[in-house]
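This report goes through several local features of one protein chain for a reader who meets it here. Please keep the sequence and the 3D view at hand while reading.

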Amino acid sequence: MLEQLLIFTRGGLILWTCKELGNALRGSPIDTLIRSCLLEERSGAASYNYDVPGAAYTLKWTFHNELGLVFVAVYQRILHLLYVDELLAMVKHEFSEIYDPKKTVYNEFDDIFQQLRKEAEARAEDIKKSKQVGGKPVNNNLGKKQGQVLKGSTDGGNKKKGGGESGNDGGDDDKVKGKVKENGHSNSSFGNGVVQVNDKENGNSTAGSFDVNKLQKLRAKGGKKADTVVNKSSKAEPTKKMKKNRVWDDSPSEPKLDFTNSVSENGNENVAVVAAEQGESMMDKEEIVSSDNETEEDEEPGKDNKVESKKKGWFSSMFQSIAGKANLEKADLEPALKALKDRLMTKNVAEEIAEKLCESVAASLEGKKLGSFTRISSTVQAAMEEALVRILTPKRSIDILRDVHAAKEQGKPYVVVFVGVNGVGKSTNLAKVAYWLLQHKINVMMAACDTFRSGAVEQLRTHARRLQIPIFEKGYEKDPAIVAKEAIQEANRNGSDVVLVDTAGRMQDNEPLMRALSKLIYVNSPDLILFVGEALVGNDAVDQLSKFNQKLGDLSPSPNPRLIDGILLTKFDTIDDKVGAALSMVYISGAPVMFVGCGQSYTDLKKLNVKSIVKTLLK
């Protein structure tokens, strides 16, 4: 049984809800769907699962893109209702017939909905009975009947309505029917079609397998040949000699250059020079986005249209661009979306995320009317650009300076924990953040909680000495959670405004180290958890962030565990135009990119320029 069915506009105005259902939903499933799925460009998924204590819901939805309407159905996940997709398609078709933009109340739709629901439930019962009988011909006949009934309903709508909009509704209904056939009983975002493809691939691989006896003989022959080659190469390999420095005219050899800074035991001789030499941090400088790539963006869509021009001919394509296409269909969007997906993947965007983004853009454009003098490829690119800007723009305030002053007024230090995998530059970028805070007259203290890696405490001690800030350390093989707790207590005593906590690098699959990190966060309740990740990673960014969040949630003893609050991207100066890691990380975690590391000096820390990233991704 349905729990709720809701119709609202893309602007958020609720037009109609089923009064007869009237079930009080636990939690806020529809708000969560809008926030974490529709606004985050995940609308290409088949369904969305919402869990709350005492209930588990599945939400399904469809769009009427031309009218800007959203139709959402909510039901208990345990029920596996088969008629929801078909019911949504019928409701969309019937409601679009009576929709008026100036009207906000649709009480007359109650009776229409009751009739539609009875029809959908009756068809679902017929399908169940036919499956119990187990006859395949019966299922085929039922499928034909369903097609005839839906066709009749859309034909009736066509008589009432103009040709352009009725074609759209019919196309949308066919699209939803296709989803029903493809997904079957699945409630997840991946359809059963993927499983079938994998089965076929596995079947092909087993069909062309080698004979075991032949394989053993080939290996034996290959092993003998390899042994002889190894023996020969081992004899022939000469010993390497080191190159000596050239000496001219028997002159005495010059001493080797020493590039290390001459520092006294206290380390105070060159500290005063650091701030003067480094200059202002790039965090406080505004980056100017050039418009050089606008011409390139205009040239690219022309390539996508070559396939269409070959099929349709010069005159028909020219006429279509002038008059505008009645309604965009999935087949029209596929070439442009495929080219866009390939382009995103070349920019280091994870394949899974590029595919989901294209599905979401397709869902937002299907059924829309193409304007005059506009190409499909440029329309798709504009929709993708809007989606990327929406994803990368932070949903909350990321003003750390304001939060630091707010914590200072409350009489407590602002605690930032840096987490991430091995070798991404946590300690170096922690020092960059400390330098930026020092420029804003904020008292900073470092906490050396990486008690695992050799040299980690000494590295942080060097940064603290150069920046002339205090550091709290307890050496190695200590509990990082206790070290961080004592560091925060010390900051309270000496009046430090911010505590920057350095942690050991750990892989996302290492459960003991992830448990220790979860304990550190649970014991100290930091104000900000920054995930430090490389801008070089591609598909691995999805695995790192999703598993970090999952482990922090699963291993925390708290009922409301803390997850990653923000992202610090490192090595951004080494990737050229491969900026896709920023998009992958933000999409998978929902956390904003707060800092970008772009060099080796303390000033090489800046904000993420969303417009620049989007232009680079689509260039």
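## Terms and model

The model is a predicted one, and every value below was computed from it.

Strand β11 covers residues 566-570, and because 5 of its 5 residues are buried, the strand is largely enclosed by the rest of the structure. In a regular strand the side chains alternate between the two faces of the sheet. In β11 both faces are covered, with G566, L568 and T570 buried on one side and I567 and L569 buried on the other.

Strand β10, made of residues 528-534, runs parallel to β11 and is joined to it by 5 bridges; within this pairing, V532 stands opposite L568 of β11. Strand β11 also pairs in the parallel sense with β12, residues 593-597, over 3 bridges, and here I567 has V593 of β12 as its bridge partner. Between β11 and β12 the chain passes through helix α20, residues 580-589, in a β-α-β crossover that is right-handed.

Most residues other than glycine have a negative phi, and most peptide bonds are trans. With a relative accessibility of 71%, D576 lies over the 50% cut-off and therefore counts as exposed.

K441 also has a phi near 60°, again a positive value in a residue other than glycine. K441 is placed in the loop that joins α15 (426-439) and β7 (444-448), and because its relative accessibility is 75%, K441 counts as exposed.

## Aromatic pairs

A search of the whole structure finds 10 aromatic pairs. One of them is formed by W16 and F109, whose rings are 5.0 Å apart from centre to centre with 90° between the planes, an edge-to-face arrangement. This pair links distant parts of the chain, since W16 belongs to strand β2 (residues 14-17) and F109 to helix α3 (residues 109-133), 93 residues apart. Both W16 and F109 are buried, and both belong to one aromatic cluster that also contains F71, F95, Y99, Y106 and F113.

A further pair joins F531 and F548, whose ring centres lie 5.2 Å apart and whose planes meet at 75°, so this pair is edge-to-face. F531 sits in strand β10 and F548 in helix α19 (residues 540-554), and the pair, 17 residues apart, links distant parts of the chain. Both F531 and F548 are buried.

## The second largest pocket

The second largest pocket holds about 720 Å³ of space. Its lining is made of 34 residues, and those nearest its centre are R10, L38, F63, S364 and R390. By residue class, the lining of this pocket divides into 18 nonpolar, 9 polar and 7 charged residues.

Which helix gives the largest share of the lining of the second largest pocket? It is α13, which supplies 6 residues. At least two residues of the lining come from each of β1 (2-9), α1 (29-38), α12 (351-365) and α13 (376-392).

Terms used. Residues numbered from 1 in each chain as written. Predicted model: local features only at pLDDT ≥ 70, side-chain atom pairs only at ≥ 80, totals over all residues. Heavy atoms only, no water. Buried < 20%, exposed > 50% of the residue type's maximum accessible area, 1.4 Å probe, protein only. Helix = DSSP H or I, 4+ residues; strand = E, 2+ residues; numbered from the N terminus. Pairing = 2+ DSSP bridges. Right-handed = clockwise from strand over helix to strand, strands pointing away. 1 Å grid on protein atoms, 1.4 Å probe; cavity = no way out; pocket = protein on both sides within 12 Å on 5 of 7 lines; lining within 4 Å. Points joined across faces, edges and corners; volume = space filled by probe spheres on them. Nonpolar A, V, L, I, M, F, W, Y, C, P; charged D, E, K, R; others polar. Phe/Tyr/Trp six-rings, centres within 6.5 Å; stacked < 30°, edge-to-face > 60°.
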